[in-house]
Structures are given as structure tokens and as C-alpha cells.
Amino acid sequence: MDSQRPGGAPRPPQGGGADPGDASFILTVLIALVAIAALILIPASLSASNSTFSILHQVPEGHVGVYWRGGALLKTITDPGFHVKMPLITQFEPIQVTLQTDQVNVL
């Protein structure tokens, strides 16, 4: 009789929330993680490094990253490495800052 109240009414189920061991909960979390990874990694791996759809971008060694938002050049300059930006709003362009030596061979 411990599943009933003293007045004879059954007790409501305990817990009220999703069981972390439940298969549907695990599947929902897994789908969410895959969706987040797809939003970050797939656009970043496209051949165009300054794609407007990418969130993650890389500034190559010997370059700095400059950014435009709404056509206006921002004061933000980033060092080489991986960085994030707002897709479709912020555009990125790598600018070479190292010296480049060209040689012309005359035959």
C-alpha cells in the first residue's frame, strides 16, 4: 500500500522530467550535436575561404584578417589562426603582411 496516499488515492509519478537514460532523450541530444557540428564545420570546409555562409574561418600565416559589416570596414584586425564571425552579416578577407620578393630572370 505504499503506492497510495493515506486517503486511498494513488500517488502521482515521481520525476516529472525526461529520464536522462531514456533512448529518445539521448537521440535528441545526439541530433542536436550533429546539427551544431554541421552548421560550423560544413560551411568552413567549402573551397571559398571567405564564404559568407561560414561561421568558422582561418587567417593564414603571414596574413591578418580584416572584416566588413554592412559594407563598412571594421576596426577589428585578427592574427593568424581560427576565428568566428556572423554568417551573412560579416565578410572576411585575409590581407598579406609579410614581404614578398619577386625575381625576374632575363634570358
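So, in what order do the three strands of the open sheet sit, and is their pairing parallel or antiparallel? The order is E3-E2-E5, and the pairing is antiparallel. Strands here are DSSP runs of E, at least two residues long, helices are runs of H or I of at least four, and both are numbered from the N terminus. Two strands pair if DSSP finds at least two bridges between them.

Before I go on, a word on what we're looking at. This is a predicted model, where local features need pLDDT of at least 70, side-chain atom pairs count only at pLDDT 80 or more, and totals for chains, interfaces and linings use all residues. Residues are numbered from 1 along each chain as its sequence is written, and side-chain values use heavy atoms, with hydrogens and water left out.

Okay, the whole chain. You've got one helix and five strands, and reading along the sequence gives α-β-β-β-β-β. Of the 107 residues, 13% count as buried, meaning under 20% relative accessible area with a 1.4 Å probe, protein chains only (exposed is over 50%, partly exposed in between).

Strand E3 (72-78) and strand E5 (90-96) are the edges, each pairing on one side only. Neighbouring strands are turned by 30° against each other on average, direction ignored; the axes are lines fitted to C-alpha atoms, and angles run from 0 to 180 degrees between N-to-C directions. E2, residues 63-69, pairs with E3 over four bridges.

Thr78 counts as buried because its relative accessibility is 13%. What does Thr78 touch, leaving out residues up to four places away in sequence? That would be Val59, Val64, Gly65, Tyr67 and His83, with contact meaning heavy atoms within 4.5 Å. With Tyr67 there's also a side-chain to side-chain polar contact at 2.9 Å. For that term we need N or O atoms within 3.5 Å, one able to donate a hydrogen and the other to accept it, and residues adjacent in sequence count only if both atoms are side-chain atoms.

Now stay on Tyr67. A search of the whole structure turns up one aromatic pair: Tyr67 with Phe92, tilted, 5.7 Å centre to centre and 40° between the planes. Tyr67 lies in E2 and Phe92 in E5, so the pair ties together parts 25 residues apart in sequence. Ring centres must lie within 6.5 Å; under 30 degrees is stacked, over 60 edge-to-face, the rest tilted. Both Tyr67 and Phe92 are buried.

Technical notes. Phe/Tyr/Trp six-rings, centres within 6.5 Å; stacked < 30°, edge-to-face > 60°.
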